Structures are given as structure tokens and as C-alpha cells.
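Hi,

Here is the structure I promised to pass on. Have a look, and my notes follow below.

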Amino acid sequence: MGENEASLPNTSLQGKKMAYQKVNADQRAPGHSQYLDNDDLQATALDLEWDMEKELEEPGFDQFRLDRAENQNLENSETADLNLDSIQPATSPKGRFQRLQEESEYVTRYTRSAPKSNPCNFCRLSKMLCTAIILFIFGILIGYYAHKNCPSNATSSGTLDLQLYQEILKTIQAEDIKNSFRNLIQLYKSEDDVEISKKIKTHWTSLGLEDVQFVNYSVLLSLPGPSPSSVTLSSSGQCFHPNGQPCSEEARKHGSQDLLYSYAAYSAKGTLEGEVIDVGYGKADDLKRIKKMKNTTNQIALLKLGKLPLLYKLSLLEKAGFGGVLLYIDPCDLPKTTNLSYDTFMVSLNPGGDPSTPGYPSVDGSFRQNRSDLTSLLVQPISASLVAKLISSPQDRTKNGVCSPLELPNNEERIVNMQVQTVTKFKTVTNVVGYLKGLTSPDRYVIVGSHHHTAYSYNGQEWASSTAIITAFIRALMLRVKRGWRPDRTIVFCSWGGTTFGNIGSYEWGEEFKKVLQRNVVAYVSLHSPIRGNSSLYSVSSPSLQQLVAEKSNFNCSRRAHCPGTNVSSVQIRGDADYFINHLGVPTVQFAYEDIKALESPSFLSEALFLKRATKIEEMDPFFNLHETITKLSGEVILQIANEPVLPFNALDIALEVQNNLKGDQLNPHQLLALASRLRESAQVFQSDEMRPANDPKERAPIRVRMLNDILQDMEKSFLVQQVPPGFYRNILYHIDEKTSQFSILLEASEHCKSLPSNETLQEALSEVLNSINSAQVYFKAGLDVFENVLVGKN
């Protein structure tokens, strides 16, 4: 893959001037946007302020001292008090004009006797006055044209004038996105994804994107079998397809594709007969109760999707001895406007990447492991209508507006025979990767990821929505690039393949270039499934980016007639951001439109990929205005991260997130709380003392800003833990869902230890969290020490 390696620039910092702008390091005003700023005014103000300080500077006065708005008590490091009030460390240097007030020697008054009046003196004074006026005017003209023709240090040629944001984003039009979407939809019927990949590559290249290339991997895919799976009632002999229709040749003809693609990728295959045991959502306490009542060995679990990761629930069922799983979504968990009683769906049991090369890339010559089945369970997704038939329940279970959940009565026994048919084959998965090289920091990457349709997977259309949005932003960006502008950092555009089967394309690419990406990636912007509804803007981001995302979301809401409150959270999300969050610790952001009622439903229902529901993109957004909004919001964040001299990440927000995760939890020992408090103190000092140089032209050495950005981009890596339950994020800053605020691994461990005689699992989880917090605290402190040593060396 030598060609792939050459595509990732790993050059050192070029000898060009870094661009600087005034940054408020600790707080952003809600509603602030680049649309409302003026770079020329900022640059002029900085020049005047700097010139005045040079005039007032004393010999030997090399350092500024901070003048905090409030004295912060950083001495009590062992406190367990979780004070979550807002901290506002000052960023302005002390003593700007204070020396003139404190030292009277700076101003000396001279008293002179008035000269005697005579004609010669008068003429001499008149000539001097005229000369002074002429020189003054001449000096003003020279200064004006010199300032106009020579940009100041505060506005380097590599800086994107804030007005350019508006000019770039103005060219994004809903009609263009709609046309691109419809053109892509015409291609998905191809038997493989080569045609779609070629179309994307050709289009991106025509727009001017540099070095667009294919990155191919031969991977193991789990595909539907030659005939649909089935479930047969032993008592009556009735056979049903997964959608609830009786087994017949006619049913196969009318719904052949829907029936074939109702399967669990990488499930075990075969036939199993056993008793159906209703396990609800498959929680640990549910299984503990059931095992006391029944023998679960080689039986078939009737499992609801949602509330917890599917892989986690399947791992519990395996431990309990079950042999098969009938998986469904309870209609009561869906919005009332959604009727999916007869709809089938697909799920993937792959945690990520090519199963035959776990943890290493699928390049030529790699050892291939025999892992066609990723679970010992036979797993079959079925519709709610089939569940109703299995438990002899009426399909309409709504009375007086109240929905009654589906459940099998405890005193009834159902014996069924389930047949699961899947096949595994090696297929080629293609990624399309293009680059826009940065001007001053080409070795720092902002990755923008969408995904395209992969052959042999379900025929949904959200991939076309995702691809149309990333293409629209590339088009707008390259129009400006052709006029001579270029971002400071490199922007890498990726269209991933194999997303449906477990984010295979992104995982393999990440594993191949892991060493480069660990060092160079500063952020990942996800465009996975951007339109899931049309009523609420739903934003997910890392804690360090939440202020930036909330700022953009608020500004968007201010332009709309009605908009619900800003909803920004750090929760587990589906899609190709997975590898960058959990293996690289990269700050991530994703904007999407969702239905409000869907947000109120149990989490993890999106693990089901419905064949029919995914084809209604144009019904949800007929004029593609929502697509345009997502493109502009994502584009503005991309531009800001790619161009700001100091990365717009907030260190203090990470520390506050950690404290919030421990707040009110009685399980946390004193050492954990005290360590979280010290982390907050270190992050506060770091944000106050080391983000401040961005506001001070005197300290704006390129090497100093580079050091600061290196620290900011790696902040979240401290929170990657090695061992987590299946389906849980390794990055513990992300919650399991919006309803929980505690660390996910601590919640799971506390539930798990209820059924065990010892609390060893909980102690291990506490140790993981403690080590992560300690690592982050040491990281911030080391950053402070480095900057202090740099200042001492300069002095």
C-alpha cells in the first residue's frame, strides 16, 4: 500500500508565519458566529494595543503577570467538594497602563520661562510649526500605505478572513444537494460499489480536490443466504418468514429482497429448536431473575432491541447459556406516527473492521483468521407482527392512547424451530480519500467522513444523503481555493465503504495509517446519516468541542422561525467516527436532524437498519433545506478548526465533564473525587495561563502556538481505556445515552456485581477511571511545565 502511505503528508512545520487572532480561551458568547465578526477591526486593534505597549515597556520587563478577575484557590488539592460553578480565568495581561499610575517618575513636568517676544522668534516658530504639520501629514500617509500594503503580524497571509466563511458557505445551495442526491440514487442498483466509488472520485476530482484516490481492502463480509430464514411453531407446524408472513413461494417473490436482508451479519448459522423465553431488554437483573425460574441452556431468547448496546446484551445471553435469539423492536418504543409492524431489519454483530484481521489492516499478505461467526448464538431479527403471532397477542395493543408492550405470559410455553442462513465471502471494500493540503500546518489533519453504498447490503438511501452533503461542501470550498486561498491545516475528505457491516472501511484505513493518524489528526467531523427526521437539530460532540458546537447551533436557531433548545451531548453514536473516537481519542462532532419523539425513545434503536424506512429521505426533507443547514453547520466547524491559529478546544470543559460524571454517585471513593478536583485545577490553570498567549502578540512565537495545539489535540487520549464491555465505548468521556450522566463502565460494573459474590469487577472499573483521570491531570501539568521551561529558557 505504498501509494496510500504517500497520500498522507507527514512534513514538518513549514517556515511560514503562523496566523494569529485574538481568542477568548475560556468562554464563548452564545450566538457568536464568524458571520458577525470583522478581521480588519481586530487586526487594527491588536496593532494599536501592541504599539502602545512597546512605547510603555520598561527595559528588562519580559513577562506579563495574570490579573485574574477572581482569585482561584488552587491549594486545597485533596478536596472532594464538587463545585461546578462556572470558572472564568482571566486572559488579559496585568500592568498594561498600571505602571503610569503607580510610578510618578514616568511623567516629568518641565517649567520654562516664556521667551521674550520678538519678530525673529515669531518667524522661527511659524516655520517650525509649518514644518511639523507637513511632516505629520506626510508621516500619516506613509503609515497608512505601509499598513495597507504590509499585513501585520496578527493577520498572516495564511489566515482565513472571517468574511470568507460567509462567502464560502453562501455558495452551498439546497438545489445542488438535491440534484447530487438523485444522481447518486440512480447508481445503487449496481451489483458492486465500484461504480459508486468511481462516480464519487470523478466528481471530487472535477471539483479540484487534490490527490483523490481509491483505497481498497479485501475483507470478510457476512451476506444473506440463498433463501430467507424462517421460524416454525412446533405445536402447529406453522412456518413464518421474519416479516410475519407465512412461508410460501408467493411471499418469497413479493418480498424477496426484504426477506433476504432481514438477518444478523456475522451470526452463527444453522437450525435450533428450543423454548422461547422472554428476556425483555436483556438486562443483567432480568437474566438473573429468569435463570432462577427456568433452565436457559440452548433455549431461544425473545429479545427487545434498545436501552443497551446489542453486543453487550448478546454477551450476557451467551454467558447465560442461550443458544438462539429472536430480536425485535417493540412498537411501544417507536413514535406513534411510525408503523413498522411488518418491517424487517438488519443488524451487524461486528464491533468494527474486518473480522479476519482483528486489530491490524487487511493489506496484501496479512494473516487471515477464521472468524466467520462472531457469536455462538443464532440471531434472527423479526418483525413485531411475528412476535405477536408467537405469543398469540393482538397486533394492535393500544387502548385509550396507552401502548401495551409485547411480552410472553410466564405461564405459557412456546417451542419453536429457527433456521438461520448466512454466508461469508471475501469482497473488496473501497474508500475514496481526497486531500486539500494545508498552507502553514500541512501535517495536521481535519478529517471529514461520509459513507457510500456497499454492495450486498441493504438498499437504504441515507448514504446518498451523506455523500451529497460532503460533495456540496467540497464544491463550495474549492471555489475559494481556485481564487488563491488555502486552509492552514490539511482537510481530508473520506467516503467510507463497508459501513453497514461494522464500519469496515474506516477501521481498515485507520489501522493501516494508525501511527500517522495518532500524531497528526486534530478532529473528525462525521456526516453519517444526517437526516433521520425533520423536527430537531441533534448535535453530538466531544466535551472539548461542545462550546463550539453549541455556539454554531444557537446561531442557526436564531435564524429559524422556531427551533427547540440546543441539544449537544457526548453520547455513543453509530457510524465511522467509531474508530477515531475509540482508538485514536480524536475530538469529534456530528450534526443531524432527528424527530423529537425518536429522541425520547430508548437508545440504540438505530442499531436496526430498516430497509423501507431509510428510503424516505425526500419525504422528510422535500426541498433539501435541512441538508443545506447540516452542510453549512458542519462546514463552518470544519473551517474554524482548520484555520484558527489556536485550536478551538476547551480544556476546562473536559475536567467539568469528569466532575459531572462523578457527581452524586455514592460508589466513588474519596481518592477519585480528589483526583477529579485536581484535574479541574490543572485544566483551569492551563486554560488561563497557556491559552492566553493567543491574546498577546508579544508571546506569539510560532513554536509556542504549535506546542499549545499539540497539547490540545491530544487531551482526550488519556480517557481511552483498554477493557470495556462489548458495545461500550473505550473513550469513557462518552455516555451510554442522554439519560445517564455517570461513566458508562461504572454503571455497568455496579449492575454486574449485583449478581456476583464479589465486587472485583467494580473495583477494576474504578481503577480504569482513576487511572484515566490521573493520566489527564499529569498531562496538563506536564504541559504547564513545558511552557514554563520555554519561558525560563527565553529569559
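This is a predicted model: local features need pLDDT of at least 70, side-chain atom pairs count only at pLDDT 80 or more; totals for chains, interfaces and linings use all residues.

First, a term: pLDDT is the predictor's confidence in each residue, on a scale from 0 to 100. For the protein chain here, the mean pLDDT is 79, and 73% of the residues reach 70 or more.

Residues are numbered from 1 along each chain as its sequence is written, and side-chain values use heavy atoms, leaving out hydrogens and water.

Overall, the protein chain has 25 helices and 20 strands (DSSP runs numbered from the N terminus: helices are H or I with at least four residues, strands are E with at least two). Of its 795 residues, 55% count as buried, meaning under 20% relative accessible area with a 1.4 Å probe, protein chains only.

One bit to look at is an open, mixed sheet of 3 strands, ordered β4-β8-β20; strands pair if DSSP finds at least two bridges between them. β4 (264-265) and β20 (609-610) are at the edges with a single partner strand each, so one side of each has no neighbour in the sheet. Strand β8 (residues 345-348) runs antiparallel to β20, joined by 2 bridges; phenylalanine 345 has phenylalanine 610 in β20 as its bridge partner.

Cheers

Key:
Buried means under 20% relative accessible area, exposed over 50%, partly exposed in between (1.4 Å probe, protein chains only).
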